[in-house]
Amino acid sequence: MGFTGHMIIGSFMLSLSAWWMFNIFRDYLLSKKNGSAFKSRVSYPITTCPRIPLESGWKIFAFTFVLLCEIGSSRLTFIDPADGGFRAGAITNLQHMTMYGMFALHALFDLLTWKFPVPEGVNSVTLSMALIWSGVSIRSGHNTTEFLIMIHMLPTYVMFVAAAVILVELYSNHSNFIASAVRTSSVMILGTWFIQMAFISFDRHQLTGVSPNPHWDQTDERNIHILVAIFGGHIIMNMIVAIIVYIPLYVVYGRGTYDYKYNELGEGHEKLLGAGQMSFIGQQLK
């Protein structure tokens with residue numbers, strides 16, 4: 001996939017997770033403020049044109065683009081004429097094609113849910129399956145050196161977590177805020193890590209970035225072990241980003257959400273419980 005490929009897929013995951021994070025946090029704060037049920041989505045519309053599935057279209061474009069890049073790199077030639085065996089580089093391309101192909105299918109199903117009677121939850125299931133297969137694929141397909149094993153193994157754990165919480169969201173009818181928040185944070189970690197992988201693995205001074213980065217000795221055991229610490233830094237950094245995003249959204253959408261005098265029920269719960277019941281609760285708390 002090279003430097004450019006890692007940068008493209010990392011930037012896409014980062015932008016997608018940031019979009020999810022904004023919408024999930026905003027909808028959660030509004031639900032708490034209004035006393036309504038929180039409801040997340042697999043893909044979100046833009047408020048200025050809610051009838052146009054721009055996110056689904058963006059996902060189809062992005063995953064189809066990287067899929068075509070892999071097809072172009074392999075030239076769909078998988079047999080080495082020299083010995084009649086499989087070409088190692090082309091097989092890696094084929095492996096990537098299956099990963100991006102599953103994500104592209106998810107995006108297609110996600111698009112179909114806007115206008116057609118697609119079975120409910122199929123977009124969540126296909127996204128979860130794509131993440132699971134991606135984790136299995138990169139965990140088993142990049143095992144030629146200890147460096148490649150480590151740098152590819154670390155994000156697989158996040159992929160499996162993201163796949164699991166997507167199914168939790170589906171099981172809870174998309175009303176579980178924690179699962180939704182973990183989903184978007186997990187994809188954000190994947191985005192920043194793939195960008196990091198581009199700079200660690202490949203020579204950033206070359207346009208194509210296909211050769212190992214000479215500034216990072218991939219045979220040095222110390223450099224291999226430090227990858228774990230760097231990955232932990234990505235987790236911490238993205239948790240801090242989530243807090244930074246949440247605070248201004250709270251100021252804009254969530255002020256007045258909580259009324260601690262009423263045991264954190266919130267102003268909006270007066271509509272649910274009734275004014276008389278709220279008065280009774282207030283008397284008990286005095």
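**Entry: aromatic pairs**

I counted ring pairs and got 13 aromatic pairs. The rule takes rings of Phe, Tyr and Trp (its six-membered ring) and pairs them if their centres lie within 6.5 Å; planes under 30 degrees apart are stacked, over 60 edge-to-face, and the rest tilted. I looked at Trp 58 and Phe 61: their ring centres are 6.0 Å apart and their planes stand at 25°, so I noted the pair as stacked. This is a predicted model: local features need pLDDT of at least 70, side-chain atom pairs count only at pLDDT 80 or more, and totals for chains, interfaces and linings use all residues. Residues are numbered from 1 along each chain as its sequence is written, and side-chain values use heavy atoms, with hydrogens and water left out.

Where do Trp 58 and Phe 61 sit along helix H2? They are 3 residues apart there, separated by about one helical turn. Helices (H or I, at least four residues) and strands (E, at least two) are DSSP runs, numbered from the N terminus.

I then checked accessibility. Buried means under 20% relative accessible area, exposed over 50%, and partly exposed in between (1.4 Å probe, protein chains only). Trp 58 is partly exposed at 38%. Phe 61 is exposed at 52%.

**Entry: Thr 64**

I found Thr 64 in helix H2. Its relative accessible area is 31%, so I wrote down partly exposed.

**Entry: charges over rings**

A charge sits over a ring if NZ of Lys or CZ of Arg is within 6 Å of the ring centre and within 35 degrees of the ring normal. I noted Arg 183 over the ring of Trp 20, with its charged end 4.5 Å from the centre. I also noted Arg 41 over the face of Trp 114, at 5.4 Å from the ring centre.

**Entry: cavities**

On a 1 Å grid over the protein atoms alone, a cavity is a set of points where a 1.4 Å probe fits but cannot get out; a pocket is an open set with protein on both sides within 12 Å along at least five of seven lines; lining residues have an atom within 4 Å of a point. Grid points are joined across faces, edges and corners, and a volume is the space filled by probe spheres set on the points.

How many cavities of 30 Å³ or more are there? I counted 2. H1 gives the largest share, 3 residues. By class I got 8 nonpolar, 1 polar and 1 charged. Nonpolar covers Ala, Val, Leu, Ile, Met, Phe, Trp, Tyr, Cys and Pro; charged covers Asp, Glu, Lys and Arg; the others, Gly among them, are polar.

The second largest cavity holds about 60 Å³. Met 13, Phe 63 and Phe 103 are among its lining residues. H3 gives the most, with 3 residues. The classes are 9 nonpolar, 1 polar and no charged.

I looked up the second largest pocket, about 360 Å³. Of its 16 lining residues, the closest to the centre are Thr 113, Glu 120, Gly 121, Asn 123 and His 174. The lining has 5 nonpolar, 7 polar and 4 charged residues.
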